[in-house]
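Subject: Structure for your review

Dear colleague,

Please find below the sequence and structure that I am handing over to you. My notes on what was found follow directly after.

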Amino acid sequence: MTNLTIVFHSRSGNVHQLVERAALTAREAGAEVRVRKAAELPDPMVLDKPAYAALADATAEVPNADLDDLVWADAIMIGTPVHYGLPAPQILNFIDHTGPVAIPGKLMNKAVSAFASGSMPHAGQQAAILALHNAFCHWGAVIVPNGSAAAVLHRPGNGAPYGTGTISRHEANSVSDDNFAAIEYQTLRTLQIAGAIERGLKPEPKITMVSDERLRTFGLDI
């Protein structure tokens, strides 16, 4: 069984809709799934306050993500709204605190994929996904992009090879059927790659990991 953790932040519900569809798809495929939200910040920038408040109520029982959720997972998916072409500050804050598990290599070789929602067709969905890819490289994770070959990606509302991206036009909970199909595909592909890694990855004796002595120079509790 593959363990999947989905970490997300959502503002008007579109990313959350993708998360729910991804979790359903993964569970139907036999995966064990943890859905986790990035912790809120003290003073978040909110445009659609009624939608944000409604989403807060709807996700009140969803636990905040912690580092154990990443270590536990074989596969990780991260969903974010676009914020000035970048992932949401809540997501970046969570990423920024992954050093204690990333530096010792506990996130290496995990299959990791990202998806995003923006207000307009060119609002920065791809830029936000690629920004997350930068962090995944530091983790030593295996980035799972959508590619361009799957039939679902050729539907009118899809097309980005980096990851699923929705166009909300500032409408809450407005994910299209094309995008739902894309996130289903992205989830299955991420699980597929995670399963292949789990089945086929063998230790390489010539690869030496960082020593405990070196890790202690970062103030990490080994």
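In these notes, a residue is called buried at under 20% relative accessible area, exposed at over 50%, and partly exposed in between (1.4 Å probe, protein chains only). The structure is a predicted model, in which local features need pLDDT of at least 70 and side-chain atom pairs count only at pLDDT 80 or more, while totals for chains, interfaces and linings use all residues. Residues are numbered from 1 along each chain as its sequence is written, and side-chain values use heavy atoms, with hydrogens and water left out.

Overall fold

The protein has eight helices and seven strands; helices (H or I, at least four residues) and strands (E, at least two) are DSSP runs numbered from the N terminus. Its radius of gyration is 17 Å, close to the 17 Å that the globule rule gives for 222 residues, so the protein is as compact as a globular protein of that length. That radius is taken over C-alpha atoms, and the rule is 2.2 Å times the number of residues to the power 0.38. The C-alpha trace spans about 50 × 40 × 30 Å along its principal axes. Of the 222 residues, 48% count as buried. Contact means heavy atoms within 4.5 Å; among contacts between residues at least 6 apart in sequence, 79% join residues at least 24 apart.

Helix H1

Asn 14 is found in helix H1 and counts as buried, at 2% relative accessibility. A polar atom of the Asn 14 side chain lies 3.1 Å from the backbone oxygen of Glu 171. A polar contact is a pair of N or O atoms within 3.5 Å; within protein, one must be able to donate a hydrogen and the other to accept it, and residues adjacent in sequence count only if both atoms are side-chain atoms. Asn 14 and Thr 80 are 66 residues apart in sequence and 9.4 Å apart in space, C-alpha to C-alpha.

Gln 17 is also found in helix H1 (residues 14-28) and is buried, with a relative accessible area of 18%. Its side chain has a polar atom 3.2 Å from the backbone nitrogen of Ser 174. Neighbours within four places in sequence aside, Gln 17 is in contact with Asn 173, Ser 174, Val 175 and Phe 180.

Strand E5

Gly 118 has its place in strand E5 (residues 111-118) and is buried at 6% relative accessibility. The C-alpha atoms of Gly 118 and Thr 166 are separated by 6.2 Å, although these residues are 48 apart along the chain. Not counting residues up to four places away in sequence, Gly 118 touches Val 82, Ala 123, Gln 125, Thr 166, Ile 167, Ser 168 and Arg 169.

Aromatic rings

A search of the whole structure finds one aromatic pair. Phe 136 and Trp 139 form this pair, which is tilted, at 5.3 Å centre to centre and 40° between the planes. Rings of Phe, Tyr and Trp (its six-membered ring) pair if their centres lie within 6.5 Å; planes under 30 degrees apart count as stacked, over 60 as edge-to-face and the rest as tilted. Because Phe 136 and Trp 139 are three residues apart in helix H6 (residues 125-139), they are separated by about one helical turn. Phe 136 is buried at 0% relative accessibility, and Trp 139 is buried at 3%.

Two arginines are placed over rings: the charged end of Arg 21 sits over the ring of Phe 180, 4.1 Å from its centre, and Arg 34 lies over the face of Trp 72, at 4.1 Å from the ring centre. A charge sits over a ring if NZ of Lys or CZ of Arg is within 6 Å of the ring centre and within 35 degrees of the ring normal.

Yours sincerely
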